[in-house]
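Please look over the sequence and the structure below before reading on.

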Amino acid sequence: MSHRFDGVQALTAVNLQIAPGERRAIIGPNGAGKSTLFNLIAGELPVQTGRVWLHGRDITHLPVPARANLGVGRTFQRNNLFAGLTALENARLAVQHRERINRHWFRHIRGFTAVHTAATAILEQVGLAEQAHITASDLAYGQQRALEMALALALHPRLLLLDEPTAGMSPAETADMIQLIQSLPRDLTLLIVEHDMDVIFTLADQITVLHYGQVIRTGSPAEVQADERVRRVYLGDVMRDA
Ligand SMILES: Nc1ncnc2c1ncn2[C@@H]1O[C@H](COP(=O)(O)OP(=O)(O)OP(=O)(O)O)[C@@H](O)[C@H]1O
Ligand SMILES: [Mg+2]
C-alpha cells in the first residue's frame, strides 16, 4: 500500500505478508507511517493505493465493523472503555456484541448465563477476575489497558492489532502486559506497534522496520538488531536515548 496525506507521502509501496499465528512488530522513528499502516489495515483510513487481504479474502473496501466481524481486532492508544460501567459490564457488552453477530442473542435466559460465563472467563484471561465489579474509571491505568485487551479478545479476533500496548505503563504494568500478550493463543496473529525495544524483542517473531514510509528491513529480532542501516536510522537513536 501507498498512502498520501495532502503534501505528505506517509507510506510508499509497503508490502507485508503476515503468516497466521505470527507475532509481527512494526517499528520505526516518529512519523515513519506505523499508525497509518495500522489504520489502513483496520479500515479507519480509506485505502488509496493497494489492497488488504485477510485469510485470502479481499477486505480493502470493507468498513471497520465488517472487518471486525471477520476477525480484525484492535486496541487503541486512547482509552476505549465505558468508564461508568464495571469491568464485567464492559466485558459483557463485548461478548453480547459478538453473540449478536453470531445471531444467538434471542436465546434470552440461557443467553444471559452464557454471556456472563464468557465475560467472566475473559476477565480471568487478562488477570482482572478480582476487579470484575470495579468501575472502569476506578481501575489502575494498567488494568484499564488489560480491560481494553479483554474487550478486543471478546470479539474473537483472528488478527489483533496492538497499538503501543505498554505506552504510559509503569515497569510492573509493562511486565504484566508482556505476560498477557505472551499468553494469548498461538493461532492469534498479532501486529504490534511499540517503541519499547524490550517489549519488541520479547514478543516478536518478526520485525518490520519502517523509515519515511518505506520498509527498510523485515527479519527476526536478531537480524534486525544486527542490521547496520536499522541501527543507523532507528535503534542507534533508541539506544542513545536509553
Ligand atoms: N491525518 C493526517 N493528515 C496529514 N498528515 C498525516 C496524518 N496522519 C499522519 N500524517 C503524517 O504522515 C506521516 C506518518 O504518520 P504516522 O502517524 O503514520 O507515523 P507513526 O510512525 O505512527 O509515528 P509515531 O511513532 O509518532 O506515532 C507523518 O509525516 C505524519 O505527520
Ligand atoms: Mg503512531
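## Two helices in contact

Tyr 141, Gly 142, Arg 145, Ala 146 and Met 149 in helix α5 meet Glu 173, Asp 176, Met 177 and Leu 180 in helix α6, where contact means that the C-beta atoms of two residues, placed from the backbone, lie within 7 Å. By class, this contact of α5 with α6 has 5 nonpolar, 1 polar and 3 charged residues; Ala, Val, Leu, Ile, Met, Phe, Trp, Tyr, Cys and Pro count as nonpolar, Asp, Glu, Lys and Arg as charged, and the others, Gly among them, as polar.

The axes of α5 (residues 141–154) and α6 (residues 171–182) come within 10 Å and cross at roughly 15°, which makes α5 roughly parallel to α6, a term used for angles under 35 degrees. Axes here are lines fitted to C-alpha atoms, for helices over the stretch in contact, with angles from 0 to 180 degrees between N-to-C directions. Helices (H or I, at least four residues) and strands (E, at least two) are DSSP runs, numbered from the N terminus.

## Basis of the model

The model is predicted, so local features need pLDDT of at least 70 and side-chain atom pairs count only at pLDDT 80 or more, while totals for chains, interfaces and linings use all residues. Residues are numbered from 1 along each chain as its sequence is written, and chains are lettered from A and ligands numbered from 1 in the order in which they are written.

## Two domains

The domain assignment, which is automatic or taken from a database, gives domain 1 (1–71 + 160–242) and domain 2 (79–156). Their C-alpha centres lie 26 Å apart, and 11 residues of domain 1 are in contact with 10 residues of domain 2. On the side of domain 1 that touches domain 2, the largest share, 4 residues, comes from α6.

## Around ligand 1

The residues surrounding ligand 1 include Phe 5, Asp 6, Lys 34, Ser 35 and Thr 36, each with its C-beta atom, placed from the backbone, within 6 Å of the ligand. Helix α1 gives the most to this shell, with 3 residues.

Terms used: Angles under 35 degrees count as roughly parallel, over 145 as roughly antiparallel, 65 to 115 as roughly perpendicular and the rest as oblique.
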